[in-house]
Amino acid sequence: MPNTKQIVIVGCGRLGGTLANRLSSQGHRLIVIDRKESAFDKLSYDFSGFKIIGDAVELHVLEQAQIKNADCLFATTTQDNANLMIAQVAKTIFNVPRVVARVFDPMRESIYREFGIETISPTKLSAEAFLKMLEDQAHVNENHHHRRR
Amino acid sequence: MRIIIIGGDKTVYFLARQFVRRKYHVTVINRDPVRSREIAEQTKATVVLGEGSDVDRLEEAGARQADALLALTSHDQDNLIACQLAQRLFGVPRTIAMVNDPDNEPIFQRLGINVAFSATRIIGSIIDQETDFEDITALMPLARGRINVTDVRLDNLSPAVGKTLQELDLAENSLVAAIIRNEEVIVPRGATRLQEDDHLVLITQPENQKQDLEVLCG
């Protein structure tokens, strides 16, 4: 596969695990890091990447994951601050070309986005999705109303 | 001087007490309700209960007017984010973070924290110095530990006794600043020959100290 990327995923929860399974099945080289070995139970039986047990806030754990050679890092632990720190270390210290951090707190998310860290806020995404559904519903009702008039 | 202290165990209480004595205005952000009450009751510090990396708590703690922020939690990530928010969002001019993993010390500095210190590294180097060499007394660390001033006594086993200073293979950036011989201070030159019982005032960088002490003490 010509477009094979080396991808590091930090945190093997529901999000990290799903990403790891999908990307691995697409043929990318995956390295997944989690503090708990049991987290790797979420990886599918045909997951072909590496698993590392450790806290990625510690430098040597990222080094063990060959962060220097990574094309991409996703920080998906449940802690915003850990994700923001790991993303900055990957980007600033190891020059990883593509780095994305999950951040639950919408305020911290927008601040760090301004600082140049790519972030995804599940809170904001869900809120926007809910609002969009509400708007669509309003449009439907409005159209319905117009037609009846 | 207005200081915000985040996290920390018993140290916060003593720090807060010490800073208040110096007439500093101290605000503590702590997520432990018991610790927070203790500090509020026993010191004159203002206490905010919560997370130090929470933007609202920083605001509440007066980050906009603060001169310095000290982050002492046991999680490096929380210390980093608290310092960065204080600095970039509230313009706190001086941020100081404790790092728990000593490897993070240089990283924090590259990520913009003014001072990052590792208690592990400091304790480790004290132990190293104490156990390795009885004849060596660390006088003081300068420039945030980048320079060490050490008193080294040469005993009869020292490989440096009988040699001149220029014959010694000391690190390039190291300096023997003074020699104390029989209570007399000698300003050393390259040709000064070392004797048993000389006390050398040695100025080194931490990374060269081991090599220099081996040259002097064996």
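Me: What makes the set of 73 residues a nonpolar core?
Reply: In this predicted model, the largest nonpolar core has 73 residues, with Val8(A), Ile86(A), Ile5(B) and Ala97(B) having the most contacts inside it. The name applies because a nonpolar core is a set of buried Ala, Val, Leu, Ile, Met, Phe, Trp, Tyr and Cys residues joined through C-beta atoms within 7 Å. Buried requires 20 or more other C-beta atoms within 10 Å of the residue's own, placed from the backbone; exposed is 12 or fewer, partly exposed in between. Local features need pLDDT of at least 70, and side-chain atom pairs count only at pLDDT 80 or more, while totals for chains, interfaces and linings use all residues. Residues are numbered from 1 along each chain as its sequence is written, and chains are lettered from A in the order written.

Me: Which helix gives the most to this core?
Reply: Helix α3 (residues 80-93) of chain A, with 7 residues. Helices are DSSP runs of H or I, at least four residues, and strands are runs of E, at least two, numbered from the N terminus.

Me: Which residues does Val8(A) touch?
Reply: Beyond four places away in sequence, Val8(A) touches Ile31(A), Ile33(A), Ala65(A), Ile67(A), Ala70(A) and Leu73(A). Contact means C-beta atoms, placed from the backbone, within 7 Å.

Me: Why are β2(B) and β3(B) called paired?
Reply: Pairing takes at least two DSSP bridges; 4 bridges join the two strands, so they pair, and they run parallel. Ile29(B) stands opposite Val48(B) in β3(B).

Conventions: Contact = placed C-beta atoms within 7 Å.
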